[in-house]
Amino acid sequence: MSVAQGQQAPAVPSAAADAAKPAPKRQLQAVRITTPPRLDGVLDDAVWQSAPVATQFYELEPKPGALETHPTEVRVLYDDAAIYVGTIMHDISQDSILRELSARDNIGNSDWFGVLIDTYNDHLNGYQFILTSGGVQVDARYSPANGEDGNWNAVWDSRTSLQGTDWVAEIRIPYSAIRFSKAKDQVWGINFARQRRSTRQKFFWNEVKPQVSGFVNQWGELTGLRDLKPPLRLSLTPYVSAYVNHYPFNEQGKKNATTSFNGGADIKWGINESFTLDATLVPDFGQVQSDNQVLNLSPFEVQYNENRGFFTEGTELFNKGGLFYSRRVGATPIGFGQVESQLHTGARQADGSRSKGEFVVQNPGITRLLNATKVSGRTSKGLGIGVFNALSNDVYATVQDSTTGARRDVLTQPFTNYNIVVLDQSLKNNSYVSLINTNVTRAGQTYDANVTGGLFRFANKANRYALNGRVVYSHRRGKAFLSDRNISDQDGYKYYLNFGKISGNFTWSVDQGIESSTYNPNDLGLLFSNNSIEQSINANYNIYKPFWKVNNLRTFGSISYSLLQTPTRYQNVGLYLGGNTTFTKSFLTTGINLDAQPQTRDYFDPRTYPLGRYYLSKPGNFGLNGFLSSDYRKKFAYDISYGARLFVVDGDRTGRNTVALSLSPRFRVSNQLSFVYSVGYELRRNQMGYAGGLDGRQPLDVPLQRAFGQDVLMGRRNVRTVTNTGTATFTFTNRMSFNVRARHYVSNVHYRAFSRLHPDGLETPVDYQRNRDNTFNAFNIDAVYSWWFAPGSQVSVVWKNASAAFLEANEATALYFDNLSNTLNTPHNNNVSVKVLYYLDYLALRPRRS
C-alpha cells in the first residue's frame with residue numbers, strides 16, 4: 001500500500017531501532033473544508049476523498065512494534081467550527097468485530113477507535129476521544145498529575161456503521177470541547193489508536209513504545225491547521241431534581257416520608273482561547289453512588305472515592321502534588337462529633353427531682369455547598385493556570401430540652417471558603433515546574449489553613465533519566481473549633497526527591513522524603529500520617545515482547561527504610577518483590593507480590609501524642625499476595641485475588657496471621673445484559689491493636705483508668721470481614737442504560753486478651769473483663785436508569801436503599817447469616833430521585849447570519 005500524500009513514510013521497523021528511543025514523529029495534513037460532511041457513519045461525502053490517509057499502524061499489545069495486518073485508514077478535516085475524523089477499519093468478517101453495548105465512558109467487550117490530540121504540542125497534556133464499534137463514547141484527559149483521567153467529559157458527536165467486513169467511525173469534535181491557541185499556523189500533537197478486541201491487539205498510528213517514559217510525547221503531528229479561531233465557549237446546563245425519602249422513624253409527630261425539589265445549573269464559559277470557567281450553582285449530588293462503608297480500626301481516616309462529577313472532571317491541575325482531596329469540600333462538619341459535649345446536662349429541681357437535660361434531634365453529616373467554581377487552562381507558552389473556589393454555608397445541629405421541649409441550634413460548621421491556585425509551566429524534554437497553594441478560611445473564631453508547595457520534574461534530552469522533587473509548607477492559624485486553645489500544628493514542612501532511569505527495559509530510582517511532625521495539609525488535602533523520614537531504592541525489569549508462553553513480563557523490587565522524624569527513632573524496614581504476566585494463548589493475567597519486614601514499631605496505633613514515647617512493637621512478618629484475571633472476551637470470566645501474612649512467634653504469642661481471598665465471577669448474557677458478583681473474605685487472627693479508650697462511666701474501666709495514667713489498653717483480637725457485591729447491567733442503546741448494584745459488608749471483632757502498653761513498647765497482661773467485641777454491618781442498593789437523550793443532556797432516575805448498624809458487646813456476633821438477618825431487619829432509608837439535565841450551547845442557540 002502506498003503512502004498517501006502529506007503523511008511521513010513509516011520509520012524503520014522498531015526491531016532495528018533503539019527500543020528506549022521514541023519513534024520518529026509521523027505527520028498528517030488536515031484539510032480545511034467549507035461544507036461539513038454529513039455525520040452518518042458512512043464516509044461517502046466527497047470531502048473525505050480530498051484528505052490524506054493515515055495508515056500502517058504499529059502494534060503496542062501484545063507484540064510491540066509489529067505492523068497491523070488489517071489496515072486502518074484515517075482522514076482529518078476541519079472548518080471554522082470543528083475538527084472531523086473519519087476512519088475505516090478493515091477486518092476479516094463482521095463476527096470478528098465485537099460490539100458490546102455499555103454505558104458512556106465504559107468500553108466493555110468491544111472494538112474501538114481513538115483520537116488523541118495535544119493541541120499545544122507540549123508533549124505533556126492531551127485529549128482522548130474514543131468511539132466503540134457499538135457507538136459508545138469514551139473521553140479522557142492526559143496530564144502529568146493524573147495520567148489518564150477518565151472523569152473528564154466533553155460534548156462531541158459521533159456515528160458508527162458496519163460495512164461488509166469493515167466498521168466505520170465518524171467523529172465531530174467541536175472547538176468548544178478543546179482549547180488551543182490563536183496562532184495563525186498551528187501544529188498539534190496527534191495520534192490514532194485502534195483495538196481489535198477479538199485478538200486483544202492494540203495499535204497506534206505513531207508508534208508508542210512501552211520502554212519509553214511518557215505517552216503524549218510519543219504522538220505524531222497534525223499539520224495544515226491555519227486560521228483557527230477559538231469560538232466563544234459558553235454553555236449552561238440547568239437541572240431540576242425531585243426526591244422522595246422514606247425512613248421508618250415511627251415516631252409521633254415525625255413524618256416517615258419527606259419530599260424535596262431542587263434546581264441549579266452548571267455554567268461553562270471560555271474566558272479566552274486558553275482558559276475556561278466552570279461553575280456549579282446550588283449543586284445537587286444526591287444521585288452519586290453510595291460510599292463503600294467499612295469498619296475502621298486504624299488510627300487514620302478512611303479515604304473514599306470522589307463520585308461527584310464537578311470534582312472529578314477537569315481537575316488535573318488541582319491534583320498536582322497530591323494536596324487536594326476533594327471530599328473535604330462539602331464534607332462532614334468539623335464539629336459533627338462535638339455536639340454531645342455541647343448539650344446542657346440535667347439539673348436538680350426545687351422539689352429534689354433531676355431533669356434529663358438536652359438530647360440531639362438532628363445532626364447533619366454533610367455540608368451543603370452554595371457554589372463551586374473552577375478556572376483553568378494553558379497558554380500557548382505552556383503555562384497552566386488553575387483557580388478553584390467553593391463556598392459552604394453554616395451548618396447547625398438541633399438539640400432539644402427533655403423537660404421543656406425547647407429547641408436550639410448548635411453550630412457544627414461555620415461559613416467556609418475553599419480555594420486553590422496552581423501555576424504549572426511545561427518545559428522541554430517532558431519536564432515541568434509547578435506552584436500550588438491551597439487555603440481554607442472559616443468564619444468566626446476557629447482556625448484557618450494554608451498550604452504552599454513547589455514541584456518540579458527535569459528529564460534529560462534523551463528522556464532516559466529524570467529528577468523529581470517537591471517542597472511543601474503548611475500553616476494553620478487560630479483557635480481549635482469550639483475551644484480557646486490555639487491550634488497545635490501551626491507550621492510544618494515536607495520535601496521529597498527522586499532520581500532515576502525512566503526508560504528502557506531496566507529502570508531504577510532512589511528517593512528520600514521528610515514530613516515534619518507538624519506538617520498538616522488535611523484541611524483541603526489528605527495525609528494519613530506525618531512525622532517520618534523515608535528512603536527507598538526501587539528497580540524494575542520488564543520484557544514487553546512475547547517469549548516462552550507469555551506475552552510480557554513486568555517485575556519490580558524495592559527496599560525501604562523509615563524513621564520517626566521527631567524524635568528520630570526507628571520505624572520499619574521493608575523488602576518488596578513482585579511481578580505479573582499474561583499468558584499468550586489463554587490471555588490469563590496473573591501476578592504475585594512478596595514482602596518481608598523485620599520487627600517494626602507502630603507509633604500511631606496507640607493514639608498517644610506527642611509521638612515517640614509509646615509504640616506497638618510488631619514482630620517480623622512475611623506477606624504474599626497475588627491475583628488471577630481471566631479473558632474478558634469470553635462470556636464467563638473471573639477475577640481471583642489472594643493474600644496471606646505470617647508473623648514470627650512474639651514471646652508467648654503464637655498463631656498470628658492473616659488470610660484473605662476474593663472471587664469475582666462475571667457473566668455476559670448478551671451484548672446488552674451482564675452480571676458481576678464479588679465476594680471477599682478476610683480473617684486476621686491474633687492481631688494486636690488499640691482496644692479503645694477507657695470510659696469513666698463504665699465500672700469495669702474505672703480501676704484501670706486510675707492505674708494506667710497515660711498507658712494504653714491494647715487488645716489481642718480476631719477480625720473477620722465478609723463483603724458481598726452484586727451488579728447487573730442492561731444497556732438498551734449506546735445512550736440508555738440501567739444498572740443496579742447491591743453491597744453487604746460485615747466485619748466482626750472478637751477480643752481474646754488485653755494488655756497494658758507502657759512506654760518504649762513494653763506490654764504487660766491485664767485482667768480486663770469488659771466485653772469490647774463489636775460488629776459493623778452496612779447494606780446499600782444503588783439502582784440507576786440513565787438516558788442521554790441529546791449531547792450533554794441526561795435524564796436519570798435513581799433508587800437508593802441504605803442501612804448500617806454498629807453492634808457492641810453481647811449484641812456483636814460473628815455469625816454471617818445472623819448479621820445478614822439483622823441488617824435486613826434494621827430500618828432502611830429509601831430514596832427515589834429524578835434529575836433532568838439539559839445542555840444549552842450558545843453557538844447552537846445564536847441566530848444564524850443569512
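Analyst: Gladly. A cavity is a set of grid points where a 1.4 Å probe fits but cannot get out. Keep in mind that this is a predicted model.

User: How many cavities of 30 Å³ or more does that rule give here?

Analyst: The count comes to 3 cavities of 30 Å³ or more.

User: Which residues that line the largest cavity are closest to its centre?

Analyst: They are Tyr 120, Asn 125, Tyr 127, Arg 141 and Arg 378, out of 14 lining residues. Strands β6, β7 and β19 (369–378) are the elements that give two or more residues to this lining.

User: Arg 141 makes me curious. Over which ring does its charged end sit?

Analyst: The ring belongs to Trp 152, and the charged end of Arg 141 is 5.8 Å from its centre. A second case of this kind is Arg 442, whose charged end sits over the ring of Tyr 447, 4.6 Å from the centre.

User: Let us turn to ring pairs. What describes a pair of aromatic rings?

Analyst: Two values do the work: the distance of the centres and the angle of the planes. By the rule used for this model, the count comes to 33 aromatic pairs. Take Phe 732 and Tyr 785: their ring centres are 6.4 Å apart and their planes lie at 70°, so this pair is edge-to-face. The cut-off behind that step is that planes over 60 degrees apart count as edge-to-face.

User: Where do Phe 732 and Tyr 785 lie?

Analyst: Phe 732 is in strand β39 (residues 712–733) and Tyr 785 is in strand β42 (residues 774–790), so the pair ties together parts that are 53 residues apart in sequence.

User: Which residues form an aromatic cluster?

Analyst: Phe 285, Phe 310, Phe 311, Phe 318, Phe 324 and Phe 388 form one.

User: Now for the nonpolar core. What is the general idea?

Analyst: In soluble globular proteins, nonpolar side chains tend to be buried together. In this model, the largest nonpolar core has 36 residues, and those with the most contacts inside it are Phe 113, Phe 129, Trp 188, Phe 192 and Leu 222. Several strands each supply at least two residues of this core, among them β4 (72–78), β5 (82–90), β6 (112–118) and β7 (126–132). The one that gives the most is β11, with 4 residues.

User: What does Trp 188 touch, leaving out residues up to four places away in sequence?

Analyst: The partners of Trp 188 include Ile 83, Ile 117, Phe 180, Leu 222, Leu 225 and Leu 228, and also Asp 118 and Glu 221. There is a second, separate core of 22 residues, which includes Ala 390, Val 422, Leu 524 and Leu 527.

User: Is Thr 438 buried or exposed?

Analyst: A residue is buried when its relative accessible area is under 20%. Thr 438 has 4%, so it is buried. This residue lies in strand β24 (residues 431–442), and its contacts beyond four places in sequence include Leu 323, Ile 420, Val 451 and Leu 524. For contrast, look at Val 282, which is partly exposed at 41%. Val 282 is in the loop between β17 (275–281) and α2 (309–312), and among the residues it touches are Tyr 239, Arg 368 and Leu 370.

User: And the backbone? Where is there a cis peptide bond?

Analyst: One joins Thr 566 and Pro 567, with omega about -10°; Pro 567 is in the loop between β30 (550–564) and β31 (569–583). Another runs from Tyr 609 to Pro 610, with omega near 0°. Pro 610 is in the loop between β33 (600–602) and β34 (616–618).

User: Which residue other than glycine has a positive phi near 60°?

Analyst: That is Asn 430, in the loop between β23 (416–427) and β24. At 10% relative accessibility, Asn 430 counts as buried. Asn 686 also has a positive phi, of about 55°. Asn 686 is in strand β38 (residues 673–690) and counts as buried at 3%.

Terms used:
Residues are numbered from 1 along each chain as its sequence is written. This is a predicted model: local features need pLDDT of at least 70, side-chain atom pairs count only at pLDDT 80 or more; totals for chains, interfaces and linings use all residues. Side-chain values use heavy atoms; hydrogens and water are left out. Rings of Phe, Tyr and Trp (its six-membered ring) pair if their centres lie within 6.5 Å; planes under 30 degrees apart count as stacked, over 60 as edge-to-face and the rest as tilted. A charge sits over a ring if NZ of Lys or CZ of Arg is within 6 Å of the ring centre and within 35 degrees of the ring normal. A nonpolar core is a set of buried Ala, Val, Leu, Ile, Met, Phe, Trp, Tyr and Cys residues joined through side-chain atoms within 4.5 Å. Buried means under 20% relative accessible area, exposed over 50%, partly exposed in between (1.4 Å probe, protein chains only). Contact means heavy atoms within 4.5 Å. On a 1 Å grid over the protein atoms alone, a cavity is a set of points where a 1.4 Å probe fits but cannot get out, and a pocket is an open set with protein on both sides within 12 Å along at least five of seven lines; lining residues have an atom within 4 Å of a point. Grid points are joined across faces, edges and corners, and a volume is the space filled by probe spheres set on the points.
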